[in-house]
Amino acid sequence: MDTPKVGIPERLAARMSMPEQHAYLRGKLSRRRVLASAFAAAGTAGGTGLLAGSSSSAYGQGASPARTAAAPAAPVEVDGRMVAPFGRHLAFGADPRTQMRISWQVPFAVKSPYVRIGSKPWELSRKIGAEVRDLHTPALSKKLPAVEQYYLHAALDGLAPGTTYYYGVGHDGFDPASPERMATLGTFTTAPARPETFVFTAFGDQGVSYHALANDQVILGQNPAFHLHAGDICYADTTGHGKESDTYDARVWDTFLAQTESVAKSVPWMVTTGNHDMEAWYSPNGYGGQSARWSLPDNGFDPRNAPGVYSFRYGNVGVVALDANDVSYEIPANRGHSDGKQTAWLDRRLGELRADEDVDFIVVFFHHCVYSTSTHASDGGVRDAWLGLFTQHQVDLVINGHNHVYERTDAVKGGEVGRPVPVGASTDPTRDGIVYVTAGGAGKDLYGFGPGVRDSYEGNVHDHDHVATFHWTTSRAAHPDTVEWSRVRYTGFSFLAVEVTAGAHPKLAVSALAESGERVDHFDVVRGTR
């Protein structure tokens, strides 16, 4: 018997948010299940089972009812000696001095997963059990069968600040401390007890490609303390509308995590959510998959329903991650999902960081652009919700993705140029305004700039007095703009590297590096002085 298709009429779907679509489809499925149960009972009475049941896993909750025709298959158990962990990725807990989260993946269900940790590779005496988060994705087409994925997470607390640890991940049958497995060990270093000079890196829109892999290796050469990924992480959802009709292949995550492991196994990989990370098959707001794959600081307003909202302090820098899907005018699937709570939390958190005497700089990162002139241009929803707070609390640097280019503004104050910041210049956020960086050249196909607008970067400066662009409005209209703040533009694969200096003269030395390692931009952020 064929399973009847359940969907949303196209005209109705266009007016519905992701949670509204989810509720609609669940209601449809509930009515279908009543009929299915009746038919199943009749079939059983006649000696023939006609219909299979339907369910979803804890983290795949809401694998879209329109696509779910059968329960997840029972976990396949294999000999643990034959299963090697992969896709290791680290993240800080709320306090990077004493907390680290280790996550990884296995291709099959395993028994008793754990992490071993110690101060030397031959002394991994501490053993911490891991949490299993299984993720079920239903068959989405004849070419995309159902997928079972197993993500493992261990929380390490009570660590010593400024200390390098060795660790190994394992399970019954696979002991990373055994001599034949020691090549699988990784390391990480906790944040120092007191501020010191360090480097962090950042980009958005990576995906899986040769260029993504090349960028990773150049990042590793910077020896960063942590990396910020400003959304659109792997592009398993290639459409990016946050709709149940998006094209999606969950298996791309396996490839992405394997690609990223060379860096993320030793460098905390701090992510937030972009529009391609709204995976409508998991939970009402599409973030169930993110919650399964990542363990991030649990100090946002709602970590389960918005895993990409959190903050941490490393040395003299406060870092804030935001979910711009909540306020976007351009892509409204999740607009308003926090009911204003994220913005209220942001106001409180920025106030707390600015009042902290140990914090010299505040860096905020999220996906959609505040100021950009490339394909997606600027999102008026982000500006309306957060721009006033960035100004009020004197944020020092804002990092976005979304546009697959590198673009950097002058210091922007009140929507206008507060101070020109050419390549190699210095700026003071307390007087000049804030510099906004679009670092979306991590690995996906590149975008460009408008007709007649030339790239302008270190060694190849072509300044434009005015650039024609637009910003998105509440009605999803593209409102035309002519702007003066577009200072640096580079159509190439690249990332951001920021050297942070502490002490009597703190500074952010910001550089943009191409995948070749060549520098294409640099400027300094110094507060309260010229």
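Predicted model: local features only at pLDDT ≥ 70, side-chain atom pairs only at ≥ 80, totals over all residues.

Reader: OK, how many salt bridges does the structure hold?

Author: It holds 19 salt bridges. One of them pairs aspartate 432 with arginine 419, with 3.8 Å between the closest N and O atoms.

Reader: Where do aspartate 432 and arginine 419 lie?

Author: Arginine 419 lies in strand 19 (residues 416-419) and aspartate 432 in the loop between strand 20 (426-427) and strand 21 (435-439), so the pair ties together parts that are 13 residues apart in sequence. Strands here are DSSP runs (E, at least two residues) and helices are too (H or I, at least four), numbered from the N terminus.

Reader: And is aspartate 432 buried or exposed?

Author: Aspartate 432 is buried, at a relative accessible area of 2%. Arginine 419 is partly exposed at 29%. The cut-offs are under 20% relative accessible area for buried, over 50% for exposed, and partly exposed in between (1.4 Å probe, protein chains only).

Reader: Which residue does arginine 313 meet in a salt bridge?

Author: Arginine 313 meets aspartate 356, at 3.6 Å, N to O. Arginine 313 is in strand 12 (residues 310-314) and aspartate 356 is in the loop between helix 6 and strand 14 (361-365), so this pair ties together parts 43 residues apart in sequence. Arginine 313 is partly exposed at 22% relative accessibility, and aspartate 356 is partly exposed at 24%.

Reader: You mentioned helix 6. What angle do helix 6 and helix 7 cross at?

Author: Roughly 5°, with the axes of helix 6 (residues 341-355) and helix 7 (residues 380-392) coming within 10 Å. That makes helix 6 roughly parallel to helix 7. Axes are lines fitted to C-alpha atoms, for helices over the stretch in contact, and angles run from 0 to 180 degrees between N-to-C directions; under 35 degrees counts as roughly parallel.

Reader: Which residues make the contact?

Author: From helix 6, Gln342, Thr343, Leu346, Asp347 and Leu350; from helix 7, Ala385, Trp386, Leu389, Phe390 and Gln392. Contact means heavy atoms within 4.5 Å.

Reader: Switching topic: which residues of helix 3 are buried?

Author: In helix 3 (residues 210-220), the buried residues are Ala212, Ala214, Asn215, Asp216, Val218 and Ile219. Their cover includes helix 4 (252-264), strand 25 (494-501) and strand 26 (507-514), among others.

Reader: What's at the start of helix 3?

Author: There, a side-chain oxygen of serine 209 comes to within 3.3 Å of the backbone nitrogen of histidine 211.

Reader: Back to strand 26. What does leucine 513 touch?

Author: Leucine 513 sits in strand 26 and is buried, with a relative accessible area of 9%. Leaving out residues up to four places away in sequence, leucine 513 touches Gln222, Phe493, Ser494, Phe495, Ala497, Glu518 and Arg519.

How values were computed:
Residues numbered from 1 in each chain as written. Heavy atoms only, no water. Parallel < 35°, antiparallel > 145°, perpendicular 65-115°, else oblique. Polar contact = N/O pair within 3.5 Å; in protein donor to acceptor, adjacent residues only side chain to side chain. Salt bridge = Lys/Arg side-chain N within 4 Å of Asp/Glu carboxyl O.
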